[in-house]
Amino acid sequence: GLRVLNSTSAMSSHVLNHSHQDLSSLPGSDLVVQLSTSLQRKPDVVDFGTVFTDHMLSVEWNANGGWQTPLIRPFGDLSLHPACSALHYAVELFEGLKVYRGDDKRLRLFRPLLNMERMSKSAKRACLPAFDQSELLGCIKRLIEIDQDWVPHLGSGCLYIRPTFIGTEPSLGVKKPNRALLYVIMCQAGSYFNTELSLWADPKYTRAWKGGTGDCKMGGNYGGTLFAQQEAGSYDCQQVLWLYGEDHQITEGGTMNIFLHWINEDGDEELATPPLDGIILPGVTRQSILDLARKWDEFKVSERYLTMGQLCSALKQQRLKEMFGSGTACRILLSGLARCGFSFFFCLGPPGDKSLSSNLLRINFALFQHGRSPSDWTYLV
Ligand SMILES: Cc1ncc(COP(=O)(O)O)c(C=O)c1O
């Protein structure tokens, strides 16, 4: 059946300001829920991103009417015009965040407003319409509540949430879409941690470039990386270490931000990651690691350019303590072996129990997995 729900508490403060004339406002308070009559059996173990929960959220937009009523409905296929701008010109963007079940059984999201903000920036760059971030978060919260049984009760698994925003203009003209669809799907995710990873670095491929879209989570950024990823696989490496420019700047690893924990050229202990200069995806995990490390104030924390040359001399001189990648999908992934496509490869020791990334991982667990310490970084569902 179809029923209209009351606004959730997250939305209530915005309800009064709502007017459908305001084309940027996504009217979460009108959310309609259409429950599935046949719920799926929840599988025990699944490959990431293959099995989705029973419901999805979708909201349509068009240039004349603005945002339409958000709908939570049974998970199912989309019907798209074959000329749809997302399919032809990659007018598409997405987000990725996770919801965890704490020891107290409550569900928690991690800094979701940062994802909403990043999604807004991607939308602007993709010429897709603005939306009310807290209204969307309120709708996502409602979707999680409906499918809450999908958040694993035991172990360290969680639910991965994939907000997606596509241009649905039914025309082959290369232009700003007059129609769009924002939808949110969710799938179970296991835990990935203490994984050693081989990275393949070859300057012949570039993930992102200055003036491009690398700092937005747009689908086209990812489709274009598959070829290099496949080549990395042929060298027995799992991911690509993305380099940029003549000086082979280290930018990202696979779909992770990269950190070096080392004794730098000046002899100082430093945690360093490349700066947000347009070619780096501003990771929520990256930001959180920087925030935490700055609060600790135990070593220098820098957003600075890092080159392969600097990394290689640090390795030779045994100044590198650890190199690791960070991202929501993998939480914090430790990098074991890195191989450079051009001339040589090098080995990093396995992550020690006292390593910085192991420590960050423990904090990560305490915060979201178990909800042990109250934090303004966690958002209760
Ligand atoms: C290219 C890229 N870098 C870094 C990240 C990590 O970002 P976050 O920590 O927000 O998951 C992601 C994943 O979202 C990504 O796609």
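Visitor: Are the faces of β7 covered or exposed?
Guide: A strand here is a DSSP run (E, at least two residues), numbered from the N terminus, and helices are runs of H or I with at least four residues. A residue is buried under 20% relative accessible area, exposed over 50% and partly exposed in between (1.4 Å probe, protein chains only). In β7, Leu97, Val99 and Arg101 on one side are buried, and so are Lys98 and Tyr100 on the other, which leaves both faces covered. For the strand, residues 97-101, that is five of five residues buried.

Visitor: Before we go on, what sort of model is this?
Guide: It's a predicted model: local features need pLDDT of at least 70, side-chain atom pairs count only at pLDDT 80 or more, and totals for chains, interfaces and linings use all residues. Residues are numbered from 1 along each chain as its sequence is written, and side-chain values use heavy atoms, with hydrogens and water left out.

Visitor: Which strands does β7 pair with?
Guide: Two strands pair if DSSP finds at least two bridges between them. β7 pairs with β9 (residues 158-167) in the antiparallel sense, over three bridges; there, Leu97 is bridged to Ile161. β7 also pairs with β8 (residues 107-110), antiparallel and over three bridges, and Val99 has Leu109 as its bridge partner. The hairpin of β7 and β8 has five residues between the strands, and Lys105 takes a positive phi near 75° there.

Visitor: How many disulfides does the structure hold?
Guide: A disulfide is a pair of cysteine sulfur atoms within 2.5 Å. The structure holds zero. For Cys158, the nearest cysteine sulfur is that of Cys187, 9.2 Å away. Cys158 is buried, at 0% relative accessible area, and Cys187 is buried too, at 3%.

Visitor: Which residues are closest to the ligand?
Guide: A residue is near a molecule if one of its heavy atoms lies within 4 Å of it. The ligand has 15 residues around it, with Lys217, Tyr222, Glu252, Thr285 and Thr328 the closest. By class, four are nonpolar, seven polar and four charged.

Visitor: And what touches the ligand's oxygen atoms?
Guide: Look for polar contacts, pairs of N or O atoms within 3.5 Å. A polar side-chain atom of Lys217 is 2.6 Å from a ligand oxygen, and a side-chain N or O atom of Tyr222 is 2.5 Å from one. From the backbone, an N or O atom of Val284 lies 2.7 Å from an oxygen atom of the ligand.

How values were computed. Polar contact = N/O pair within 3.5 Å; in protein donor to acceptor, adjacent residues only side chain to side chain. Nonpolar A, V, L, I, M, F, W, Y, C, P; charged D, E, K, R; others polar.
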